[in-house]
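User: I would like to learn how to read a protein model feature by feature. Could you take me through one, giving the general idea before each case?

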Amino acid sequence: MRSGSGGGRRSVRAKAPGKINVSLCVGPLRADGYHSVASVYLAVSLFEEVRATASEEPGITVSLSPESTLDIDELAIPLDESNLAVRAAALMAEVSEHATGVHLEITKRVPVAGGMGGGSADAAAALVACDALWGSGLSREELAHLAAELGADVPFALLGGAAVGLGVGDRLSPALATARLDWVLAPAEFGLSTPAVFRELDRLRAEEGIEAEEPVDVEPGILAALRAGDAPALSHLLVNDLQRAAVSLAPGLRDTLGWGDSHGALASIVSGSGPTVALLAEDAVAASELAEALTHRGAEAVAVHGPVPGARIVSDTLL
Ligand SMILES: C[C@@](CO)(OP(=O)(O)O)[C@H](O)COP(=O)(O)OP(=O)(O)OC[C@H]1O[C@@H](n2ccc(N)nc2=O)[C@H](O)[C@@H]1O
Ligand SMILES: Nc1ncnc2c1ncn2[C@@H]1O[C@H](COP(=O)(O)OP(=O)(O)O)[C@@H](O)[C@H]1O
């Protein structure tokens with residue numbers, strides 16, 4: 001994998017996928033401010049990339065690549081030590097004997113604050129890129145431990161594929177899923193804050209006098225449908241407890257969900273805490289037709305498929 005010429009600076013590029021939650025059951029608020037969840041994650045073919053380049057100066061710097069395909073509101077992404085990729089590199093530096101200064105360049109494609117784990121993908125990509133850059137040699141298990149310190153969704157961005165997530169979503173069991181499922185993503189022009197959406201769900205439940213139960217497991221039919229790549233069966237089983245909270249905060253999402261249902265999507269669901277809506281399609285042809293129709297309506301649309309692998313090194317060069 002390592003290539004290039006001369007004695008220049010080493011630069012490692014890694015990529016990690018965004019995700020859809022095909023099932024997300026949310027329990028009551030815990031004392032630590034988190035909620036227990038039972039989630040089924042599916043990694044989809046929309047990838048973030050992080051290029052980690054060794055620098056002579058100590059410390060970690062970060063920038064966004066002009067290759068980012070998003071129309072990014074740069075203010076929404078902190079370019080300081082709170083950036084998830086920077087936090088990941090800082091954590092990796094703590095456990096690496098040969099850590100150096102590093103510059104991280106992020107190519108963003110996953111909608112920001114979209115419920116698709118884009119920041120988590122940046123963190124996972126930064127972990128594997130810095131691990132390679134500094135020769136830290138961590139096992140997948142050690143990487144997963146660091147990932148869990150960075151956020152509930154980060155371990156899945158590292159693992160990829162399809163997986164059941166328990167605990168706060170970080171206790172993962174890989175699910176057998178090799179068959180392809182096709183989706184169309186409808187990103188929104190705004191973001192939703194994950195904690196605000198969880199708070200809204202708690203508020204709605206309190207208002208209705210509902211006491212949420214601890215989610216213990218996921219519906220086995222979902223795993224069977226994923227294993228078989230059976231989109232029609234899966235379409236009846238998609239569930240997201242956060243959807244009504246996202247819709248309560250952003251009522252316009254109802255239109256997108258309804259549009260999908262009346263234009264040939266097998267099912268429409270808000271991904272995670274939203275506001276991205278994921279439309280499940282029968283196959284790749286149906287997905288591209290659906291994406292075209294959505295674009296015609298003046299909305300953004302991205303056809304993707306899953307499962308795809310988790311964080312991976314793309315290149316390792318000398319600049
Ligand atoms: C909702 C989900 C579904 O996969 O994804 P997104 O919509 O953010 O992509 C995840 O649970 C988000 O994971 P992630 O975005 O990594 O969350 P974190 O940074 O760890 O947590 C941000 C905040 O969200 C709330 N949070 C998160 C996870 C969880 N199980 N319970 C929570 O209550 C907490 O208020 C927490 O302080
Ligand atoms: N590298 C990053 N990319 C995107 N957002 C980041 C990053 N680092 C920190 N953040 C912060 O995390 C928030 C949520 O990010 P993101 O992962 O895109 O959405 P979600 O949690 O909905 O999947 C953003 O609004 C931003 O303030």
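**Reading the model**

Analyst: Lysine 19 counts as buried, because 32 C-beta neighbours lie inside 10 Å of it. Please keep in mind throughout that this is a predicted model.

User: Where is lysine 19 found, and which residues does it touch, not counting residues up to four places away in sequence?

Analyst: Lysine 19 is found in strand E2, residues 10–29, and, with residues up to four places away in sequence not counted, it touches Tyr41, Leu42, Ala43, Val44, Met116, Gly117 and Phe156.

User: Which residues does UniProt list for "active site"?

Analyst: An annotation comes from a record and may be inferred rather than shown by experiment. In this case the unreviewed UniProt entry lists Lys19 and Asp153 under "active site"; although these two are spread over 135 residues of sequence, they cluster in space, the largest C-alpha distance being 9.1 Å.

User: Is aspartate 153 buried or exposed, and where is it found?

Analyst: Aspartate 153 lies in the loop between helix H3 (140–150) and helix H4 (154–159), and it counts as buried because it has 30 C-beta neighbours inside 10 Å.

User: How should I read backbone angles, and which peptide bonds are cis?

Analyst: Most residues other than glycine have a negative phi, and most peptide bonds are trans. Here, a cis peptide bond joins glycine 274 and proline 275, with omega about 10°, and proline 275 sits in the loop between strand E10 (267–270) and strand E11 (277–281). The bond from glycine 306 to proline 307 is cis as well, with omega near 5°, and proline 307 is placed in the loop between strand E12 (302–306) and strand E13 (312–318). As for phi, alanine 113 has a positive value of about 50° although it is not a glycine; alanine 113 belongs to the loop between strand E5 (101–107) and helix H2 (118–133), and it is buried, with 21 other C-beta atoms within 10 Å.

User: Which residues are closest to ligand 2?

Analyst: Ligand 2 is surrounded by 21 residues, of which Leu84, Ala113, Gly118, Gly119 and Asp122 are the closest. Helix H1 (84–94) and H2 are the elements that give two or more residues to this shell, and H2 gives the most, with four.

User: What about the nonpolar core: which members touch the most others?

Analyst: In soluble globular proteins, nonpolar side chains tend to be buried together. In this model the largest nonpolar core has 98 residues, and Ala85, Leu104, Ala124, Ala126, Leu127, Trp183 and Val184 touch the most other members; strand E3 (residues 35–55) gives the most to this core, with eleven residues. Alanine 85, leaving aside its neighbours within four places in sequence, is in contact with residues including Leu104, Asp122 and Ala126.

User: Finally, how many helices and strands does the protein have, and what is its radius of gyration?

Analyst: The protein has ten helices and 13 strands. A compact globule of 319 residues would have a radius of gyration near 20 Å, and the protein's 19 Å agrees with that; buried residues make up 50% of the 319 residues.

Note on methods
Residues are numbered from 1 along each chain as its sequence is written. Chains are lettered from A and ligands numbered from 1 in the order in which they are written. This is a predicted model: local features need pLDDT of at least 70, side-chain atom pairs count only at pLDDT 80 or more; totals for chains, interfaces and linings use all residues. A residue is buried if 20 or more other C-beta atoms lie within 10 Å of its own, exposed if 12 or fewer, and partly exposed in between; C-beta atoms are placed from the backbone. A residue is near a molecule or strand if its C-beta atom, placed from the backbone, lies within 6 Å of it. A nonpolar core is a set of buried Ala, Val, Leu, Ile, Met, Phe, Trp, Tyr and Cys residues joined through C-beta atoms within 7 Å. Two residues are in contact if their C-beta atoms, placed from the backbone, lie within 7 Å. The radius of gyration is taken over C-alpha atoms; the globule rule is 2.2 Å times the number of residues to the power 0.38.
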